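The exercises below are meant to be worked with the sequence and the model side by side. Please try each task before reading its solution.

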Amino acid sequence: MTRQAWMRLRRGVLSLAIGWATMFGAAAQTPLERGRYLVETIAACGNRHTPKGPNGPLPGKALAGNWVVEDVPPFRAVAPNITPDRTTGIGGWTDVQIARAIREGIRPDGSVIGPPMPIGLYRGLADDDLAAMVAYLRSVPAVAQVAEKSTYRIPLPTAYGPPVGQVAAPSRSDAVAYGAYLAGPVAHCIECHTPMFEGGRRDTTKVGAGGQAFAGPWGSAVAANITSSRTSGLGAWTDAEIERAIRTGVSRDGRRLHPPMAFAQYRDISAADMMALIAYLRSLPPVER
Ligand code: HEC
């Protein structure tokens, strides 16, 4: 092939790629942008890893941990520092080690990460999304902050399952399947919104039925029923009402919802992801509670 023909071909491929990228916004995202979106918005890592005061997130401490996430005897879980600080954060870990900690719940020293990290769900994170999250975590400002260690007076599992291997995300053209991926492995909505048996196993016959109580400075908030039940779930709500609750924390009747749901982050969930989430919630069999 002549050099000229090669250049023509290259120009053609380039403009095709740019055309595609403009038409399908998501495809234009770099892994770093994708990682930022996941960590800061729909996966809402900062909701648990960024220390907060009475006026919200502490300035300059994004993802720096040392914040008591749950103090519910038999355990006291303190969020660790997940900024790239080399001594107090995860800056000394390799990409593979960070990915394994998130998706398999195993630290580089072999110890197992306890609740409330929803490892059982994170095991379903797609390879691309996991790699994007790791890339973004590496890029945030390092904050030197020692975090108190969590204490568990319950036995932690030795592992959450066999090594995960490879995971692909479901196709975005299947809204219900993609919404299930978002509500499970990515945003872990169903971690909070599904009742648990004693011992912490989810009751998979009642996905989305709610009922778990979350205590905090706000008192106690009970996770709502988000199944399609018309009487106790979201079955009678419009899409706009569901979207408003998720994005702004205002329920259908105007009541302001309590934490720990990550309204500050969910506000910026993309329109396409919101559509998929709602399609999935509508697909949940009605459960009365
Ligand atoms: C960390 C736990 C947690 C996570 C994660 C979570 N929620 Fe919630 N959610 C709650 C709690 C608790 C309430 C009830 C708050 C209250 O009543 O003040 C709630 C309320 C809601 C409501 C309002 C229902 C009503 O009747 O007012 C909707 C809708 C909802 N959640 C959907 C979602 C979706 C979708 C996701 C994932 C994108 C999600 N939640 C993630 C804990 C959680």
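**Exercise 1.** Which element supplies the largest share of the shell around the ligand?

*Solution.* This is a predicted model, in which local features need pLDDT of at least 70 and side-chain atom pairs count only at pLDDT 80 or more, while totals for chains, interfaces and linings use all residues. Residues are numbered from 1 along each chain as its sequence is written, and side-chain values use heavy atoms, with hydrogens and water left out. Begin with the shell itself: 22 residues surround the ligand, a residue being near if one of its heavy atoms lies within 4 Å. The largest share, three residues, comes from α8, and both α8 (189-193) and β7 (219-222) supply at least two residues each; helices (H or I, at least four residues) and strands (E, at least two) are DSSP runs, numbered from the N terminus.

**Exercise 2.** Trace the open sheet of three strands.

*Solution.* The strand order is β3-β4-β5, with antiparallel pairing, where two strands pair if DSSP finds at least two bridges between them. The edges are β3 (67-72) and β5 (151-152), each pairing on one side only. Strand β4 (residues 75-79) pairs with β5 over two bridges, and Arg 76 stands opposite Thr 151 in β5.
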